[in-house]
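Q: Could you walk me through this structure feature by feature, giving the general idea before the particular case?

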Amino acid sequence: MSQPTAAVRKLVWERDGGRCVACGLILGDGVWWSMQHRMRRAAGGNLPSNLILLCGSATSPGCHRNAEDRTPEAERLGYWIRANTKPPLDPALIPVFYYLDDSWYLLSADGTRTLCPAPEIAA
C-alpha cells in the first residue's frame with residue numbers, strides 16, 4: 001500500500017506541531033521520527049485521522065518503537081488501534097492522548113483535532 005501523500009504529511013505535521021505526540025520532543029534535523037499508522041495501513045489507510053507523529057522509528061528507540069510493541073498502554077493512549085475487530089474500528093473515533101497538552105483529542109480526516117473527554121478505562 002502507498003505512503004501518505006505530501007499534502008497529508010503536511011497536515012499531520014502541522015496538526016501535531018512538529019512534535020512527538022507521546023513525549024513532546026521537537027522533531028526535525030538530527031532527530032529520528034516517523035509518522036505512525038495508528039491502525040495498520042491496510043486497514044486504516046493514510047488519512048490524517050490514522051496518523052500521528054512519534055519520535056524514533058519502528059526499529060530504533062523512541063515512542064514509535066513503543067507503539068510498534070503494541071503494549072496495552074500504547075493502545076490505551078490511542079497510539080495504536082487493533083485492526084482485527086468486528087466491526088472494524090474507525091480511527092477518527094478513537095481518542096489520542098497528546099502529552100504536551102495533557103489532553104485527549106479525536107483526529108479528523110481533514111487534519112484537525114477536537115478536544116474530547118478521556119476515554120473510559122475498561123475494568
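Q: Which residues touch the most other members of the largest nonpolar core?

A: Before the answer, a word on provenance: this is a predicted model, in which local features need pLDDT of at least 70 and side-chain atom pairs count only at pLDDT 80 or more, while totals for chains, interfaces and linings use all residues. Residues are numbered from 1 along each chain as its sequence is written, and side-chain values use heavy atoms, with hydrogens and water left out. A nonpolar core is a set of buried Ala, Val, Leu, Ile, Met, Phe, Trp, Tyr and Cys residues joined through side-chain atoms within 4.5 Å; buried means under 20% relative accessible area, exposed over 50%, and partly exposed in between, with a 1.4 Å probe and protein chains only. Here the largest core has 25 residues, and those touching the most other members are C20, V21, I52, L54, Y79 and V96.

Q: Which helices and strands each supply at least two residues of this core?

A: Helices (H or I, at least four residues) and strands (E, at least two) are DSSP runs, numbered from the N terminus. At least two core residues come from each of helix 1 (6-15), strand 2 (51-55), helix 3 (63-68), strand 3 (96-98) and strand 4 (103-107). Strand 2 gives the most, with 5 residues.

Q: What does V21 touch, not counting residues up to four places away in sequence?

A: A contact means heavy atoms within 4.5 Å. With those sequence neighbours left out, V21 touches D16, I52, L53, L54, Y79, V96, F97, Y98 and Y99.

Q: What is the order of the strands in the open sheet, and which are the edge strands?

A: Two strands pair if DSSP finds at least two bridges between them. The open sheet of 3 strands has the order 3-4-5 with antiparallel pairing, and its edge strands, strand 3 and strand 5 (113-116), each pair on one side only. From one strand to the next the twist averages 45°, where axes are lines fitted to C-alpha atoms and angles run from 0 to 180 degrees between N-to-C directions. Strand 4 is mostly covered, since 4 of its 5 residues are buried.

Q: How many bridges join each pair of strands, and which residues stand opposite each other?

A: Strand 3 and strand 4 run antiparallel and are joined by 3 bridges, with F97 opposite W104 in strand 4. These two strands form a hairpin with 4 residues between them, and D102 in the turn has a positive phi of about 50°. Strand 4 and strand 5 pair in the antiparallel sense over 4 bridges; L107 stands opposite R113 in strand 5, and L106 stands opposite T114 in strand 5. This second pair also forms a hairpin, with 5 residues between the strands, and G111 in the turn has a positive phi of about 90°.

Q: Which residue forms a salt bridge with D101?

A: A salt bridge is a side-chain nitrogen of Lys or Arg within 4 Å of a carboxyl oxygen of Asp or Glu, and by this rule the count comes to 7. One of them links D101 with R113, the closest N and O atoms being 2.9 Å apart. D101 lies in the loop between strand 3 and strand 4 and R113 in strand 5, so the pair ties together parts that are 12 residues apart in sequence. D101 is partly exposed at 33% relative accessible area, and R113 is partly exposed at 29%.

Q: Is N50 buried or exposed?

A: N50 is buried, with a relative accessible area of 0%, and its place is in the loop between helix 2 (41-44) and strand 2. A polar atom of the N50 side chain lies 2.9 Å from the backbone oxygen of G45. Not counting residues up to four places away in sequence, N50 touches Q36, H37, R38, M39, R40, G44, G45 and P91.

Conventions: Polar contact = N/O pair within 3.5 Å; in protein donor to acceptor, adjacent residues only side chain to side chain.
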